[in-house]
Amino acid sequence: MQFDDLDLNLLRVFDIMMRERSVTRTAERLGRTQSAISHSLGRLRMLFRDDLFTRDGSVMCPTPRAVELLSEISGALSTIRSSIDRHQIFDPASTRRNFRVGLTDYHAMVFVPELLREFARQAPHATLNIIPANGIEILNAIHLRQVDCALTGASIRDDPRVARIELGQDRLLCAVWSGSAIAKQGLTLDAYLAASHLQISADGVSSGLADIALKAAGLRRNIVATISNYLILPWVLRGTEFITHCGDGILHILDDTSEVKVMAPPLRIENVSTSLLLQHHMATDPAMIWLTQVISQIYDGSQRTKVEIMKAQVL
C-alpha cells in the first residue's frame, strides 16, 4: 500500500482503538460495524507491517510499534482537527463527544460530585468517564490516550509532550480518629513521633512529603502500615490511635459521622501542588479548552470553600 492509496480514515480507526482497546467500542464510537473495523485493522497491519493490537481476553493491547506510532499519528490528527476547529465554534451544549478525565481517589472524592453536575449541565449530550489515574502511572495514561487529561498532586517529571496547568496547592494535615487520645489532648511533636502512622501510598512504598520534612530535621516517624486510597480512611482510623497525613481537600467530605479529626502537623511540611496534565498537542483543542476551564473553575470554588472550613476550625 502506497501513501496515495491510503484512506486517512484508517488513522482515525487507529487513534480510537488506542483509546478504547476494543473493536466493539471503536465501532460504536465511529458509527461503523465491527467487521468494518476489523477490516480496517487488517489494512493498518499491512501498512505498518505489524500486528499493532493483540488480544488479551477482552482487551486489545497495543504492540510496541503501535505505542511508537501513537504520538505521531495522534499529533497529525490533532493538527488537522485544530486547522478545522479554528473555523468552527465548539458548543458543549450540542456536542456528543466522549471525555475521559483521570483522577486519583483523593481528587475524585473532592471533584467528582461537582464535576458530574457541571458537566451534565453544560454538555447534556456528551459523556464523561472518570478513570483512576495514580501518580505512578498517570503519564502513561496520557501518552496512551487512556485519558484526555488528568489531575494529580504527585511530583511528575517534566515531559515536552505533556502540557501542565498549575491549579493551586493543598495543605497537608494530620488525620486521627475523633475519639483518640491524640484528638483530645492535642498533637505535639513528641506525640507525633511516638504514634503509629498510616501512610497513604498508591504503590505501598513511596515516601511522602512528611518523611522528607522529618529527614531534613533528623527525625523519622513510625509507619506501621500503608493503605492505597483515601476513601477507606474513616473506617481504618476508627477506634485506633493511628495518625495519617491527608490533603486539606478531605475537609469537603468530613462530617460528624466520619469520626475523623484533622489537625495541623507539628512540623512544617511543603504544600502539595495540584496540576492538570494533558497531551501538549491537545492543549489548543477547543473541546479540551472548555473541559480544562470547567475543571479549573470547580477547583477554584473548592479552594474557596476549603478556606472557609479551615477558618471555622482554626487550622
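User: What makes Phe90, Phe99, Phe119 and Trp290 one aromatic cluster?

Analyst: Happy to start there! Rings of Phe, Tyr and Trp (its six-membered ring) pair if their centres lie within 6.5 Å, and Phe90, Phe99, Phe119 and Trp290 form one cluster. By this rule the count comes to 7 aromatic pairs. Please bear in mind that this is a predicted model, where local features need pLDDT of at least 70, side-chain atom pairs count only at pLDDT 80 or more, and totals for chains, interfaces and linings use all residues. Residues are numbered from 1 along each chain as its sequence is written, and side-chain values use heavy atoms, with hydrogens and water left out.

User: Why is the pair of tyrosine 106 and tyrosine 230 called tilted?

Analyst: Planes under 30 degrees apart count as stacked, over 60 as edge-to-face and the rest as tilted. The two rings have their centres 5.0 Å apart and their planes at 45°, so the pair is tilted. Tyrosine 106 lies in helix H5 (residues 105-122) and tyrosine 230 in the loop between strand S9 (222-227) and helix H10 (233-237), so the pair ties together parts 124 residues apart in sequence. Helices (H or I, at least four residues) and strands (E, at least two) are DSSP runs, numbered from the N terminus. Both tyrosine 106 and tyrosine 230 are buried (under 20% relative accessible area, with exposed over 50% and partly exposed in between, using a 1.4 Å probe and protein chains only).

User: And what makes the pair of phenylalanine 111 and tyrosine 299 stacked?

Analyst: The angle between their planes is 10°, with 5.8 Å centre to centre, and that makes the pair stacked. Phenylalanine 111 sits in helix H5 and tyrosine 299 in helix H11 (residues 286-313), 188 residues apart. Phenylalanine 111 and tyrosine 299 are both buried.

User: Why do strands S4 and S6 stand at the edges of their sheet?

Analyst: The open sheet of 5 strands has the order S4-S3-S5-S12-S6, with mixed pairing. Two strands pair if DSSP finds at least two bridges between them. S4 (127-132) and S6 (162-170) each have a single partner strand, so one side of each is left without a neighbour in the sheet. Strand S3 (residues 98-103) pairs with S4 in the parallel sense over 6 bridges.
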